[in-house]
Amino acid sequence: MSYTPIWAQNKEKLNKTELIKLEKDGLDVIEDIYRYAKTGFESITPDDMDRFKWAGVYQQRPKDGCFMMRVRVPSGNLTSEQARTLASIAHDYGRDLIDITTRQAIQFHWLRIENLPDIFERLAAVGLSSFEACGDCPRTIVGNPLAGLDPYELIDTTPLVKQLSDTFLMNRDFSNLPRKYKISISSNIYNAGHAEINDLAFTPATKVIAGKEIIGFHVWVGGGLSSRPYLAQQLDVFVRPEEVVKVAVGVTTIFRDYGYREKRHHARLKFLVADWGAEKFLAKLKELVGELETRGEDKIKGWNAGYFTGIHKQRQEGLSYVGLSVPVGRMSAQELEELAHLADEYGNGSLRTCNSQNIIITGIPDERVEELLQEKVLERLTPYPKNFTAFAVSCTGNEFCNLAIVETKERMRQLAEYLDEHVELDEPIRMHMVGCPNSCGQRQIADIGFQGALVKTEDGMKDAFDIFLGGTLGPNAKFNEKLKGRVLGEQLHRVVLPLLAYYKEEKRNKESFFDFVQRVGITPFQERLAAALKQLV
């Protein structure tokens, strides 16, 4: 007797994508890709093209036969051998272009269908995979890029990241979820894993049990961004390290069986959690996994926004790591190849990608740090970037992404460079730019967020942006607020300057941009934006 999933028992209510997934599991397309590589791009069926996401592959703009591929890098941990393989793929097939994403993954462009089998096999040979980096399934596990090295972590989460990845990757029990599903785990006290914007997150906590202090995790569910962002809710549970996988499977099972499948735009876990509430969700979780300890003591002290730029001591005596700035997350194949060489020459053969789109070289003897800093590749990928370039994040934009409506990567890079030349500030300002409401560039959590739009002008449709102020995660987690007034992309720098000037003139000593916005509100910024726009007319 065949089993009919709970969500499939009323097919007339399912959206079109759900019906496609019922016909064939997304993971089945991986085998099909080997066939399509022989029969050619034109032979790919529309339904299978949609299923390509389960292989970590999307058509890239302008849908002329080229693909984008996302490679999973759990917790950002790469060996030098893996980095060289990634660089060789970009060199051979991806026009030398490599992007680091806001989920610590590596992204290629310009790939062709006939290239994909070789790329899959190259990745597998070094323990990497693009499979389920996209699609309605558990995606790359995000975490602390310094796991095992971090002076500010309670425990090394590297083994847990591996257990979670091994549990979910290619697991057909969880390859058909209602929508994409994002997991974060970190024991870093500065919330390196961005817990509040993940579907499921584990953050550092302790609890005294039977007279002994136990290090473990608190659990968050239902976070996510896009056009209707939600901050995750913390459940009243304390989870020991050995319970993490069990709890993750339980939460994922709830999403699979009870998540919404009628409307694609209303199918993320965040909507189920918002409707159920934390107490009902926890009760259902306990039905699946058994009793759990109640919440202990939170150990998150703040939020570092995923930034590790500079030279820092590791927890291992005599060793340091060097955090490098990768402007808007984009580098060449040659640069990654050179970083792999430096990781072997100076470090312990390890590179770590960050959700701030940057990269780290680890395990460097303190006495060799200065020698490393003289290497030519560190002139651009520097540990000492200028202020605005250092904290600029961008999504892919309409250069390659079919969902984006404006260009972002180069625009964000140029804007940050312009501000570095014209504004001096002691405090960092995090700027995130996105090309559409899906917010892969995570503009909601930025000090200043830019979201792309199109406006009609006398010269036709032009790129424009809405501006948002005052986002953060951590103990005071809050999404940023929108200013009224859409700004042409070509005029962004002229509008941002007076906003920054107001902050510089009125801020208190050492007052962050976020704290300043909370103190004065957005009305003064709104007034300055209106005045700037009036001058531009």
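**Figure 1. Thr 157, a residue with 0% relative accessibility.** At that value Thr 157 counts as buried. What you are looking at here, and in every view that follows, is a predicted model. Thr 157 is found in the loop between strand S6 (142-143) and helix H6 (158-168). Leaving aside residues up to four places away in sequence, Thr 157 touches Ala 147, Ile 185, Ser 186, Ser 187 and Phe 217.

**Figure 2. A tilted aromatic pair, Tyr 36 with Phe 52, taken from a count of 20 aromatic pairs.** A pair of aromatic rings is described by the distance of the centres and the angle of the planes. The model holds 20 aromatic pairs by the rule used here. For Tyr 36 and Phe 52, the centres are 6.2 Å apart and the planes make an angle of 45°. The two residues are 16 apart in the chain, and their pair links distant parts of it: Tyr 36 sits in helix H2 (residues 29-39), whereas Phe 52 is in the loop between helix H3 (46-51) and strand S1 (57-59).

**Figure 3. The tilted pair of Tyr 258 and Trp 276.** Here the centre-to-centre distance is 5.6 Å, with 55° between the planes. This pair, too, links distant parts of the chain: Tyr 258 belongs to helix H7 (residues 244-258) and Trp 276 to helix H8 (residues 269-276), 18 residues apart. Tyr 258 has a relative accessibility of 33%, so Tyr 258 counts as partly exposed. Trp 276, at 19%, is buried, since the cut-off for buried is under 20%.

Figure 4. Which residues of H2 are buried? They are Val 29, Ile 30, Asp 32, Ile 33, Tyr 36 and Ala 37. The partners that the buried residues of H2 pack against are H3 and helix H5 (116-125). Just after H2 comes Gly 40, with a positive phi of about 100°.

**Figure 5. Helix H8, a mostly covered helix.** How many of the 8 residues of H8 are buried? The count is 6, namely Leu 269, Lys 270, Phe 271, Leu 272, Val 273 and Trp 276. The buried residues of H8 pack against strand S9 (212-221), strand S10 (233-239), H7 and helix H9 (278-289). Just after H8, Gly 277 has a positive phi of about 85°.

**Figure 6. An aromatic cluster, and arginines over ring faces.** Tyr 502, Tyr 503, Phe 513, Phe 516 and Phe 525 form one aromatic cluster. Over the face of one of its members, Tyr 502, lies Arg 528, at 3.9 Å from the ring centre. A further view shows Arg 443 over the face of Phe 468, where the distance to the ring centre is 3.5 Å.

**Figure 7. The cavity found in a search of the whole structure.** Rolling a probe the size of a water molecule over the atoms shows where empty space is left. The search finds 1 cavity of 30 Å³ or more, and the largest cavity has a volume of about 40 Å³. What lines the largest cavity? Its lining is made up of His 194, Trp 303, Ala 305, Tyr 307, Asn 355, Ser 356, His 432, Gln 442 and Ile 445.

**Figure 8. Backbone details worth a look: a cis peptide bond and positive phi angles.** The peptide bond from Arg 61 to Pro 62 is cis, its omega being near 10°. Pro 62 is placed in the loop between S1 and strand S2 (66-71). Gln 104 is not a glycine, yet its phi is positive, at about 70°. Gln 104 is in the loop between strand S4 (97-100) and strand S5 (106-112), and with a relative accessible area of 0% this residue is buried. Ser 439, again not a glycine, has a positive phi of about 60°. The loop that holds Ser 439 runs between strand S18 (431-434) and strand S19 (448-457). Ser 439 is buried, at 4% relative accessible area.

Definitions and conventions
Residues numbered from 1 in each chain as written. Predicted model: local features only at pLDDT ≥ 70, side-chain atom pairs only at ≥ 80, totals over all residues. Heavy atoms only, no water. Phe/Tyr/Trp six-rings, centres within 6.5 Å; stacked < 30°, edge-to-face > 60°. Helix = DSSP H or I, 4+ residues; strand = E, 2+ residues; numbered from the N terminus. Buried < 20%, exposed > 50% of the residue type's maximum accessible area, 1.4 Å probe, protein only. Lys NZ or Arg CZ within 6 Å of the ring centre and 35° of its normal. Contact = heavy atoms within 4.5 Å. 1 Å grid on protein atoms, 1.4 Å probe; cavity = no way out; pocket = protein on both sides within 12 Å on 5 of 7 lines; lining within 4 Å. Points joined across faces, edges and corners; volume = space filled by probe spheres on them.
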